[in-house]
Amino acid sequence: MGFSVSGSTAIIFLAMFISFGMIYSAAYNGFERVNDARVEHSENVLDQQNTALNITTVNYSTGYLNITVNNTGSTTLDVDDTDVLVDGVYPDSTAIVARDVNGVTDTELWFPGESLHYRINVSADPTRVKVITGPGLADTEAV
């Protein structure tokens with residue numbers, strides 16, 4: 001065996017070592033991403049199970065709709081991730097006159113046991129109101 005056979009064998013083993021390293025890191029990164037997605041999905045499902053809300057009052061008077069929603073679950077909700085539908089339509093940002101949590105207007109968190117209040121300018125008496133939270137739970141109330 002000359003140098004060419006030994007050199008060829010060394011090159012083949014070096015190529016196998018490098019390719020194994022590339023395959024291993026690609027497989028490990030793929031496994032890590034899948035595992036992270038499973039953990040995030042489990043956390044989202046747990047948030048959904050621990051989230052509950054209840055529309056307690058819906059009043060329409062002279063062009064304004066007043067809505068009070070209680071956070072009856074054990075999850076802290078984000079006020080900015082909470083949506084309101086009036087007769088199946090999102091009110092535009094200028095229609096929402098006021099939004100507060102237990103009288104505090106500059107908060108973004110809606111803790112368990114607290115009430116979220118909306119005052120929305122509407123043109124006619126609505127028939128249905130729906131409030132949707134960030135984790136995906138909703139409550140509907142007929143007016």
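Helices, here, are DSSP runs of H or I with at least four residues, and strands are runs of E with at least two, numbered from the N terminus. This is a predicted model, in which local features need pLDDT of at least 70, side-chain atom pairs count only at pLDDT 80 or more, and totals for chains, interfaces and linings use all residues. Residues are numbered from 1 along each chain as its sequence is written, and side-chain values use heavy atoms, with hydrogens and water left out.

Helix α1 covers residues 3-50, and Ile18 is found there. Ile18 has a relative accessible area of 46%, so it is partly exposed; buried would be under 20%, exposed over 50%, and partly exposed is in between, with a 1.4 Å probe and protein chains only.

Now the rings. Rings of Phe, Tyr and Trp (its six-membered ring) pair if their centres lie within 6.5 Å; planes under 30 degrees apart count as stacked, over 60 as edge-to-face, and the rest as tilted. How many aromatic pairs does a search of the whole structure find? Two. Phe20 and Tyr24 are stacked, at 6.3 Å centre to centre with 25° between the planes. Both lie in helix α1, four residues apart, about one turn. Tyr24 also stacks with Tyr28, at 6.3 Å and 15°. Phe20 is exposed at 56%, Tyr24 is exposed at 52%, and Tyr28 is partly exposed at 44%.

Last, the sheet. Four strands form an open antiparallel sheet in the order β1-β2-β7-β5, where pairing requires at least two DSSP bridges between two strands. The edge strands are β1 (53-61) and β5 (96-101).
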